[in-house]
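Please read them with the coordinates open beside you.

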Amino acid sequence: MSTPVTPEINASDSGQQALSEMDRLVNVFSAPTKTFEDIKRNASWWAPFLIMALLSTTFVWVVGQKITWEQVVENQFSAMSEKQKDKISQLTPDQQAQQRKIMLASFKYGSYLAPIVILIIVAIVAALNMATMNFGMGAEIPYKQALAVSWYAGVPRMFQSILAIIITFVMKDPSGFNMQNPVVTNLSFLTSQSQHPALYTALSFIDIFQLWGTYLAGIGLATVAGKKNSDGLTVAFGWYIVFMLLSVGAKFLFA
């Protein structure tokens, strides 16, 4: 009498051995396809989210201790465009003081909500990627897999957060601190934020960590969908360019 064969429940559809969360995180750098293949088995994304939340909270705490929120607000006013500065100069002293007070509270307390904001943004990006892949590329990606891909694709940006924490902690002159761009790993240094806000925004998108994460997202989408890498990269970088154009357009209109 033959013995029935029990399926291997710890293997993914491709026959790859199941990975631990640590394996997934490490493989993002050494063998990203393995991480994305494993997402088809288990679409969890709690590990990168928790690490991101911890790093974000640590960064905000360091800013409050080393830079101070008053200095953050002062730097923010200095970085405003000439048009924005002209509008503020037309306000009464009491109105200007009130605006600074609101901005101070926003940075001081609102910054701790960054993990929630990032959670919402990643959820939206994942939905857009999934819809584009499914309707545009003929894929059948479940939303939970698209969400997991987005989170693991963002793992390299954790190094950017670590750099931001270190640089902020050792910074000697807090007047040069930029809350929105604490680590200049992009081309924004080529221009002035106050004089050319739209160009500054465009150049800030040419960032090694953002481009790296977008590339990984494209590979991840293609992997879970069983499509060519070019299909996933087209979707990931297509939305990246759309977000860049929207951000630059907003600066043209409001800055």
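**Notes on the fold and selected contacts**

1. The secondary structure of the protein comes to 12 helices and zero strands, where helices (H or I, at least four residues) and strands (E, at least two) are DSSP runs numbered from the N terminus. This is a predicted model, in which local features need pLDDT of at least 70 and side-chain atom pairs count only at pLDDT 80 or more, while totals for chains, interfaces and linings use all residues. Residues are numbered from 1 along each chain as its sequence is written, and side-chain values use heavy atoms, with hydrogens and water left out.

2. As for overall dimensions, the C-alpha atoms of the protein fill a box of roughly 90 × 35 × 30 Å, taken along the principal axes. The accessible surface comes to about 14100 Å², of which 65% belongs to carbon and sulfur atoms; these areas come from the Shrake-Rupley method with a 1.4 Å probe, and for residues only the protein chains shown count as cover. Of the 255 residues, 40% count as buried, a term that means under 20% relative accessible area, with exposed over 50% and partly exposed in between (1.4 Å probe, protein chains only). Among contacts (heavy atoms within 4.5 Å) between residues at least 6 apart in sequence, 67% join residues at least 24 apart.

3. The axes of helix H3 (residues 46–67) and helix H9 (residues 157–170) come within 9 Å and cross at roughly 15°, the axes being lines fitted to C-alpha atoms, for helices over the stretch in contact, with angles running from 0 to 180 degrees between N-to-C directions. H3 and H9 are therefore roughly parallel to each other, given that angles under 35 degrees count as roughly parallel, over 145 as roughly antiparallel, 65 to 115 as roughly perpendicular and the rest as oblique.

4. Which residues of H3 and H9 meet? On the H3 side they are Pro48, Ile51, Met52, Leu55, Thr58, Phe59, Val62, Val63, Lys66 and Ile67, and on the H9 side Met158, Ser161, Ile162, Ala164, Ile165, Thr168 and Phe169. By class, this contact has 13 nonpolar, three polar and one charged residues, where Ala, Val, Leu, Ile, Met, Phe, Trp, Tyr, Cys and Pro count as nonpolar, Asp, Glu, Lys and Arg as charged, and the others, Gly among them, as polar.

5. Val62 has its place in helix H3 and, at 3% relative accessibility, counts as buried. Leaving aside its neighbours within four places in sequence, Val62 is in contact with Ile67, Ile165, Thr168 and Phe169. With Ile165 the separation is 103 residues in sequence and 6.8 Å in space, C-alpha to C-alpha.

6. The backbone at Thr68 deserves a check: its phi is near 80°, a positive value in a residue other than glycine. Thr68 is found in the loop between H3 and helix H4 (69–78), and with a relative accessible area of 30% it is partly exposed.

7. Helix H10 (residues 197–204) is mostly covered, with six of its eight residues buried, namely Pro197, Ala198, Tyr200, Thr201, Leu203 and Ser204. What covers these buried residues includes helix H11 (208–225) and helix H12 (229–254).

8. Leu211, in helix H11, is partly exposed, with a relative accessible area of 31%. Beyond its neighbours within four places in sequence, Leu211 is in contact with Phe205, Ile206, Phe237 and Tyr240.
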